[in-house]
Structures are given as C-alpha cells and as structure tokens.
Amino acid sequence: PLVDFDKIVLIDNPFPNGKPGDATNEWRHEARHRNGYMAVMGGKLLSVGLDPGSEAKSLFGDKVGSFWRPDVHFDGKKIVVSFQPQGHKSYHLYQVDSEGKEVKQLTFGDYDDLDPVYTPDDHITFCSSRAHTYVRCMPMTHAYAVSRCDADGKNIYVVSRNGEAEYMASVLNDGRVIYTRWEYTEKALWRIQSLWTMNPDGTNVQAFWGNQSRWPDVLTEARAIPGSRRIMFTGLGHHDWFNGALGIIDPAKGLNYPDGLTKVTPDVRWTEVGNGPAEK
C-alpha cells in the first residue's frame, strides 16, 4: 500500500572511460569518473513500469549521449537530469516531461553541471565545475561545488564555499539540502567524505553525520525516509564509486560512527575500508 505509483525513472549508462590495468584507469575514483571528458556515449534515460512485462521507454528518444542522476519534480510531471550530448565535452542540465514529448536544455557552456534536484522554493540545486576548484591530488579533476539556478536554468550561482568536491544533493523532509562533502584540509585525503546540509540558498551549512568517521568511507546518494528524521545512503569507496553497502543514519542517536548508523545490507562490507570495530 505504500507504493502509490506505477513507474520509476532511471538511467542506463555505460561505465566512464578507463581500461583495467591501464595507468589512466581512474574511472572508479569518486571525483574523476564524473568529469565530462570521461563520459561514454550510449546512455538512456528510462521510464520503467513496475508491472511484470512493462516496457522501458527512452524519454530522450534517439538522442545519443551520457547521463548522470535524474530527479522527478514534486508534481511528477517533469524530470531534470544531467546529460552530455554526443559531440559535446560537458554535462548540462536538461528537463523533459514525464512522457518524453519535450526535451529542453537548461544550462550551457563548457562547465559540467551534474546531478540536479528540484527544491521546494522552485529552484534547481546541482553540483558544478563553475567554482573553478580542483581536487588537490589530481589537478586535472574538477572539485564540483553545490550550485543552484532558477527553474529555467537562469541566474546560476555557486552556493558552496568548500574547496573540495561535493556530490549528489537531495532534499530533506524539512526542505534543507543534504549532500556529500569531501573534507581534505588537515585530514586524511581518502577517508572523510561525509554528509552535510545547507539551506537551498547556501546558508546554514552544517555537518549532518560522519565528519570524524573512518567508516563508511564515502557516504553518498543520501535520501530522506518519508515521515522520518532518518536518511538512507550508499557507503562507497574513495577509489571504488560503483560498489557499496546500504545504510541508514539517525542523527538524533549520534553524529559519528558507530552512533546513529544502521547497515541495511550486513552481508556487504563497507567499500574499501571494510567493517568497523563495532561490526566485528
């Protein structure tokens, strides 16, 4: 009875560039794989019915390109997604209606604009290379910063003041934006990728959970659990973005490992760092 919808939206996308054993094989790295120059064409944005036998519909028709995470508007009538068309060097924000009848490009230029989400104040929050910051150990790799724009893609501005990469924003039940923030200064470069929050306009930045935690390695893809203060997330690896365990955070029970943390998939170790002492 909790499933009151009959379709989901997802991307079917090839892995970014990189060959096993090649010195340039960094496509699993948390930041490098999202660069536009790593994109592989042939992705699809799909609407898939939940009933057995339902067909998957390509919402971008026969347009060729590469996608990153989509977000469905609160009214269910439109979808915003990051898309790099074939022949372009960057990801831009695009919007399409839920039936795939009209595709509209919202942002333009040489910057990568990634992983957009609609916010309740009728804006779009996303991560972008527009801050002109770079990962310190890989100066050719952008450190994406939380940014926002109007619903039509205009009036873009960077709302984050962080110098390191940020990822995968989403909206909490109280309207705040939650996102993954990479902490690098005076900390180990590969172990502090925790969850932070801010208001949609960039004010009131706060650590949400894990800013002093080694386990899990990278907390990302956070999503609010409806009617709850808790969030669900994926625990990934700094050098292994595409594999991970699922977890739930309740910040009322603590702000760092192991307090407030529940692993939903106990048979899967936290990627790259393994299980922490509380799980052995």
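Which residue forms a salt bridge with Lys263? The points below take this pair first, then others in this predicted model.

1. Glu279 is the partner of Lys263. The closest N and O atoms of the two are 3.2 Å apart. This pair links distant parts of the chain. Lys263 sits in strand 19, and Glu279 lies in the segment after strand 19, 16 residues apart.

2. Burial within this pair is worth a look. Lys263 has 15% relative accessibility, so it counts as buried. Glu279 has a relative accessible area of 29%, so it is partly exposed.

3. Is Asp250 buried or exposed? Asp250 is buried, at 6% relative accessible area. Arg229 is exposed, at 56% relative accessibility.

4. Arg130 and Asp113 meet through their side chains in a salt bridge, 2.8 Å from N to O. The two are 17 residues apart and link distant parts of the chain. Asp113 belongs to strand 8 (residues 113-119). Arg130 belongs to the loop between strand 9 (123-128) and strand 10 (145-150). Both residues, Arg130 and Asp113, are buried.

5. Salt bridges also join into a network, which links Arg191, Asp217 and Glu272. The salt bridge count for the model comes to 13.

Methods:
Residues numbered from 1 in each chain as written. Predicted model: local features only at pLDDT ≥ 70, side-chain atom pairs only at ≥ 80, totals over all residues. Heavy atoms only, no water. Salt bridge = Lys/Arg side-chain N within 4 Å of Asp/Glu carboxyl O. Helix = DSSP H or I, 4+ residues; strand = E, 2+ residues; numbered from the N terminus. Buried < 20%, exposed > 50% of the residue type's maximum accessible area, 1.4 Å probe, protein only.
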